[in-house]
Each structure stands twice: as structure tokens, then as C-alpha cells.
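This report describes the pocket and the helices of one model. The sequence and the structure come next.

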Amino acid sequence: MKNKESFVFVTIPLSEIKKFILIDFVAGTVIYFAIRFPLHSFIAASAGSMFGPLLIRQSMKLVQNRAKA
């Protein structure tokens with residue numbers, strides 16, 4: 001009996017990569033500096049740069065779901 005190896009090929013659209021870079025890196029950095037300079041708080045700026053992109057993604061999902069309905 002011969003064993004067949006399976007091969008999984010995953011493609012990621014370039015638009016998804018661009019969206020990831022824009023939201024996570026660019027928006028996260030902008031949010032970090034937007035909080036860091038006025039508040040002078042590293043902890044608040046770090047938390048904002050972590051939760052900001054999450055909130056952006058959630059709001060994008062809500063807008064897409066409302067557009068479909």
C-alpha cells in the first residue's frame with residue numbers, strides 16, 4: 001500500500017497583505033505617537049497601539065456587515 005502525501009497550497013491576496021501592513025504597522029505607529037506625545041505615557045501609548053488596530057478591524061467588519069444587510 002502506497003502512502004500519498006498531501007500538499008496544501010495557500011494563497012494570500014496582495015490586497016490583504018497591503019491591508020495588514022496599513023492597519024497594523026502604519027495605523028499602530030500613528031496611534032502610538034498620537035497618544036505618546038500629548039500624554040507622555042509609554043504604557044498608554046503601547047496599549048493604544050495594540051488595541052487601535054483591533055478596533056479598526058472590528059469597525060471594518062461592522063461596516064461590511066451593514067453594507068450587506
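## Pocket

What volume does the largest pocket have? In this predicted model, the volume of the largest pocket is about 150 Å³. Two elements each give two or more residues to its lining: helix 1 (14-39) and helix 2 (42-68).

The lining consists of E16, K19, F20, I23, D24, R57, M60, K61 and Q64. Helix 1 supplies the largest share, five residues. Sorted by class, the lining has five charged, three nonpolar and one polar residue.

## Helix 1

The 26 residues of helix 1 should span 38 Å at 1.5 Å a residue, and the end C-alpha atoms are 36 Å apart, so the two values agree. Helix 1 has a kink of about 30°, centred on A27.

A27 is also buried, as are I23, G28 and Y32. The buried residues of helix 1 pack against helix 2. After helix 1 comes H40, with a positive phi near 55°.

## Helix 2

Helix 2 is kinked by about 25° at F51, shortly before the proline P53.

P53 is buried, and the other buried residues of helix 2 are A45, S46, G48 and G52. These buried residues pack against helix 1.

Conventions: Residues are numbered from 1 along each chain as its sequence is written. This is a predicted model: local features need pLDDT of at least 70, side-chain atom pairs count only at pLDDT 80 or more; totals for chains, interfaces and linings use all residues. Side-chain values use heavy atoms; hydrogens and water are left out. On a 1 Å grid over the protein atoms alone, a cavity is a set of points where a 1.4 Å probe fits but cannot get out, and a pocket is an open set with protein on both sides within 12 Å along at least five of seven lines; lining residues have an atom within 4 Å of a point. Grid points are joined across faces, edges and corners, and a volume is the space filled by probe spheres set on the points. Helices (H or I, at least four residues) and strands (E, at least two) are DSSP runs, numbered from the N terminus. Ala, Val, Leu, Ile, Met, Phe, Trp, Tyr, Cys and Pro count as nonpolar, Asp, Glu, Lys and Arg as charged, and the others, Gly among them, as polar. The bend at a residue is the angle between axes fitted to the seven residues ending there and the seven starting there. Buried means under 20% relative accessible area, exposed over 50%, partly exposed in between (1.4 Å probe, protein chains only). Contact means heavy atoms within 4.5 Å. The expected span of a helix is 1.5 Å times one less than its number of residues.
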